[in-house]
Amino acid sequence: MIFFFHDIVYNGENYKNATSAIVGAPEWGNRTIMSSPNNFGDMIVFDDPITLDNNLHSPPIGRAQGMYFYDQKDTFSSWLGFSFVFNNTDYKGSLNFAGHDPLMNKTRDISVIGGTGDFFMTRGIATLSTDAFEGSVYFRLRVHVKLYECWKLL
């Protein structure tokens, strides 16, 4: 299964189309501009659309909801905890993810740690790759989900 999620960070000027916001920042940072160096210390919550292709304007099949925080000073790196909440006729329920995301690597694996509905008791791996980014305001992740255990197989 391959999905795309589209993250638009609030930057003080894009309230109407922002899908995420900085909710925590280091003392030297603020909550409308990513911190320097390497966004270290910023915590972001998100409610991003999930699509089956890389077009932000494609019909969403669900939402990616959760948080990430930047956890290293010397390189771009984050820790992710989020769910894909599906709301279409093909998929019902949620998939839950958690793990370290070394952003400078072309592909990164994080754990699929559970699910609900069609994905009840799921385990597996999600391979992330940054499909696009525009400065510190927009990025799109390609998520290739490989399930190894699922009570109800698709």
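Analyst: This is a predicted model. By class, the lining of the largest pocket has 14 nonpolar, 5 polar and 2 charged residues.

User: How much space lies in the largest pocket?

Analyst: About 460 Å³. Of the 21 lining residues, the closest to the centre of the pocket are Tyr70, Leu103, Phe133, Gly135 and Phe139.

User: Which strand gives the most to the lining?

Analyst: S9 does, with 3 residues. Strands S4, S5, S8 and S9 each supply at least two.

User: And what does S9 pair with?

Analyst: S8 and S9 pair in the antiparallel sense over 11 bridges; leucine 128 has valine 143 in S9 as its bridge partner. S1 and S9 also pair in the antiparallel sense, over 7 bridges. There, histidine 6 is partnered with arginine 140.

User: New topic. How many salt bridges are found in the whole structure?

Analyst: The search finds 3. Arginine 140 forms one of them with aspartate 131, with the closest N and O atoms 2.5 Å apart.

User: Is arginine 140 buried or exposed?

Analyst: Arginine 140 is buried, because its relative accessible area is 12%, under the 20% cut-off. Aspartate 131 is partly exposed, at 31%.

User: What about the others?

Analyst: Aspartate 101 and arginine 108 meet at 2.6 Å, N to O, and both are buried. Aspartate 47 and arginine 63 meet at 3.0 Å, N to O. That pair links distant parts of the chain, 16 residues apart, with aspartate 47 in S3 and arginine 63 in S4.

User: Why do such pairs form at all?

Analyst: Side chains of opposite charge can pair when their charged atoms come close.

Technical notes:
Residues are numbered from 1 along each chain as its sequence is written. This is a predicted model: local features need pLDDT of at least 70, side-chain atom pairs count only at pLDDT 80 or more; totals for chains, interfaces and linings use all residues. Side-chain values use heavy atoms; hydrogens and water are left out. On a 1 Å grid over the protein atoms alone, a cavity is a set of points where a 1.4 Å probe fits but cannot get out, and a pocket is an open set with protein on both sides within 12 Å along at least five of seven lines; lining residues have an atom within 4 Å of a point. Grid points are joined across faces, edges and corners, and a volume is the space filled by probe spheres set on the points. Helices (H or I, at least four residues) and strands (E, at least two) are DSSP runs, numbered from the N terminus. Ala, Val, Leu, Ile, Met, Phe, Trp, Tyr, Cys and Pro count as nonpolar, Asp, Glu, Lys and Arg as charged, and the others, Gly among them, as polar. Two strands pair if DSSP finds at least two bridges between them. A salt bridge is a side-chain nitrogen of Lys or Arg within 4 Å of a carboxyl oxygen of Asp or Glu. Buried means under 20% relative accessible area, exposed over 50%, partly exposed in between (1.4 Å probe, protein chains only).
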